[in-house]
Each structure stands twice: as structure tokens, then as C-alpha cells.
Amino acid sequence: MLPAELPDAEAQCAELAALIRPHLAPDTALIGIHSGGAWVARRLRELLGLEEEIGLVDVSFYRDDFGEKGLHPQVRPTSIPFAVEGRPLILVDDVLYTGRTTRAAINELFDYGRPGRIDLAVLADRGGRELPIEARFCTWRIDLADDEELVLASDADGRLAWRLDQDA
Amino acid sequence: MRNPQLNAAGELTHLLSTDGLPREVITQILDTAQSFLEVSNRDVKKVPLLRGKSVFNIFFENSTRTRTTFEIAAKRLSADVINLDVTRSSTSKGETLLDTVDNLVAMHADMFVVRHASSGAPYLIAEHLQRIGRDDVHVVNAGDGRHAHPTQGLLDMFTIRHYKQDFSKLKVAVVGDILHSRVARSDIHALVALGTGEIRAVGPQTLLPSALEQMGVRVHHDLASGLADADVIIMLRLQNERMNGALLPSAREYFRCYGLTPAMLALAKPDAIVMHPGPMNRGVEIASEVADGPQAVILPQVTFGIAVRMAVMSILAGN
């Protein structure tokens, strides 16, 4: 079911930061999942006033549909500019759907060490989970049909906004 | 005729040569390699992309470095790697190349990395696989005769892009025994595809093939003019074992005319990089002061080679 108007993604970022703030440890670090999650993680870092750079993961090398779909034509480097060992991490994504991307990202993080804990923060949870994964921090729950795609876009000024695409 | 490297959908399914590789495919390989570069710096230097796949290294010709870097690349992708020492196995008992391939396919091989002294051997295998309907099995040419060594060509492009970015403004000099060099051929095709500003081939008449100008290459027989103002210098190994007859008076004479010395290097741009595919003949094509000097990027080439081979194997396996 299409909502009449999509919520303001920038306002949701502020809301998400407010949800996270009481649970921040002194050494909490953010990890954004390419590309929407990376934008949200950057925003959260500003809003939360974290000094540590954010980490970025591209899960292309860890996807479980490589056998069917092959390698994504545009893989971006994963960069985690800090040691994850023992550290509390918050994995940030724009939309939580099947949970497979989150699974791939967690696997990838463990190849860098053993984090102290990993939480998941998302702007939107659209249901449809295929794995036992839930977000600890989430600002928006919406039920969408399989042929609908919720896309976070960044405009020329870096402002984030939602778009709802219909698969042909 | 269909490009034998591409499948019906136009995707890369075998890597046989840089000749005929579309620019977008080369760029995709280099971009993907950029991401793999970081994997080798992790605690766990492995990604699960090729888990459960079997990669067979079939080397009909010796090469420690190339075989090892392919093996490392496949293992960092979590593939199982089987090294066949063909020089010591069935082939020496008279088995044909395609019989060997059929046997390995029956053992559920997913990918062949092939080096052969005969030009075209990897093509023969790729065509055979297509004929028997095994589009899911992929071939990587790890060097065939004098013809091609595409992963070396691609890792050279990766190295140039890493240090120099934009190819359109570059003067690239390929120096030495171009006639016998599959590396030179692979480099030149890739440099052309990437729109390199100026490509020069530098060497004595006897070691330069005749059709270079048709490929858009400027020929220099004089090292000094060939190096003048160059941004990138690719030195080739003087291939003693491939040299039949008297193409050269002596190695010492060669070094005097075409050896890269500090004085010769000074003719290139001050920030020019010096590359060499290895193994080097110090004192024959390159002076030790240059090989060990600040402008040499010969060891980074080896490191980049692993990332480029990881990119090639993962792109092929996914298509």
C-alpha cells in the first residue's frame, strides 16, 4: 500500500540519533553499508558528535546470491579505519528488508576481528525478513509489496530523501 | 564471429587476451581489483566468493611467480586450488591437451588457469568447453607462447592508474624485447583500449615486431629518444630462452644500448615510474640502482597482481 506522502528522511536521521544517543558507549563506532547506509552513518556521526571516522562496508564479496547474480559491477572498497576487536559497533543501513545484507555485513566485520557487540540501526524496516535479524534502532516501520522498492537518494546538496519505485 | 571471451550476454566468461576487451570491461576489472586490494590487509585475508569452487592451475611451462600469485588469489577468494605439474604428469605420457581438460572437467573443475608455450592453447580449451556445452567452466590465460599474458597486462594498467590516474595525458614507453614478449602485446592492447596519450615501443630493430605502427605505437630504436619526457617506463625481460639465432651480439652490448641506467632514467619525467614484469636480469635490461631506486614500482606490481587476479576470477565465476 502506497503511503500518501513519504516521511522526511533528514528528520528521521535526527530521530534515529536520538534513539541511539542513550546507548552510546565511549568507544562506540558506526559502520555504514554502501551506499544508503553510508549516507545515514555520516549523518549520525555529525548528529552524535562522534570523533571516530565511520567505517564503510560493501557486502558484494559476501552476498549469498553471487551464484545466481554474479559480482556487482560496481564494488566499492570496504574501509574500516579502526580496530574492531572488542569494540561496540553500530551497523547502519537505510532499509531493512530480508536481512541478507545485514548477515553479509556481519560476516564481513568478523573478518576484521571480534567486535564487542554489534547493533543494527535503520531508518526504515519494510518487513519481509528471511533471516532472524531485527534492528535495535529503527524510526519507521512500513509494509510494502514485493514489487515495491524503497530507495534512499542523496541530492546534489547531499540532502537525503525517500523515493518509492515500482518494479516493472 | 563472437568474441570467444564473452558469453551470449556480452559478459566476460574467459580471459584470453587484452586484445578485443572493451574498455568498460577493463575498467570494471580494475575497479573491482581496487576493492580486493584492501582484503589482503585484513586480519582474515579471505572473502567467501568462490567457496566450494575448484580452480585448476595447469602450467605447461614453468613460472613460479605467476602460478603462486594465481594460487594466492584463488585461496583469498576461498576457492580450492589444485596445482597440476603437467610437465611431470599425463602429458608426458602422451595425453592430449583436450583429454587432460575433459578429465579435469569430469573432476568438477570450475576454472582453469592455463599457461602454455604454444600461442592459442587457452583458446583451444575455451572453444572446446563451449563445444561440449560447459559454459559454466571458465578459462584464464596465464601466458600463451608469444601471444598474450592478459592478467600481467591488466595488473600493469592497475599499477599505472594507481600512480598516474588519467591515461589520456600519459607517455608510456615499453622497452626491450617486444618481439618475443606476450607482456608487451597485452600491455599495448590494454593501453590502446584505455586511450593512452602516447605509446612508444623502444628496442633494436631485431626485437621489434613489424606491425607496431598499425596498433598506434611510435617506434624508437634509440633509448634516449624513447625515454624523453616519459611518464611510465615498462622494461621487458630479455628472453634468453626464447632467443633463437643471433638477434643480439651480447648481453653486455644490449645493456650498453638499451639498459635502463640512472642516467637514462633521468631523461624521463622526474616523477616517471619504472615497471618490470619480472624476473629481472639485473645488468642486462635494468641497472640495480634503478631496480632498487625510488622510482621503481616493481614490487607493488606483484602486490597489485594478486588483487587483479582476484578480480578476474571473481568476475568470471559470476558470469
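Modeller: In chain B, strand β6 (residues 198–202) pairs with β7(B) in the parallel sense, over four bridges. Helices (H or I, at least four residues) and strands (E, at least two) are DSSP runs, numbered from the N terminus, and two strands count as paired if DSSP finds at least two bridges between them. Within this pair, Val202(B) lies opposite His220(B) of β7(B). The model is predicted: local features need pLDDT of at least 70, side-chain atom pairs count only at pLDDT 80 or more, and totals for chains, interfaces and linings use all residues. Residues are numbered from 1 along each chain as its sequence is written, while chains are lettered from A and ligands numbered from 1 in the order in which they are written.

The pair belongs to an open sheet of five strands in chain B, ordered β7-β6-β5-β8-β9, with parallel pairing. Its edge strands, β7 (217–220) and β9 (273–275) of chain B, each pair on one side only. From one strand to the next, the twist averages 20° (axes are lines fitted to C-alpha atoms, for helices over the stretch in contact, and angles run from 0 to 180 degrees between N-to-C directions).

Chain A also has parallel pairs. Strand β3 (residues 88–96) of chain A is joined to strand β4 (residues 117–125) of chain A by eight bridges, and Pro88(A) has Arg117(A) in β4(A) as its bridge partner. On its other pairing, β4(A) runs parallel to strand β5 (residues 137–141) of chain A, with four bridges; there, Ala121(A) is opposite Phe137(A) of β5(A).
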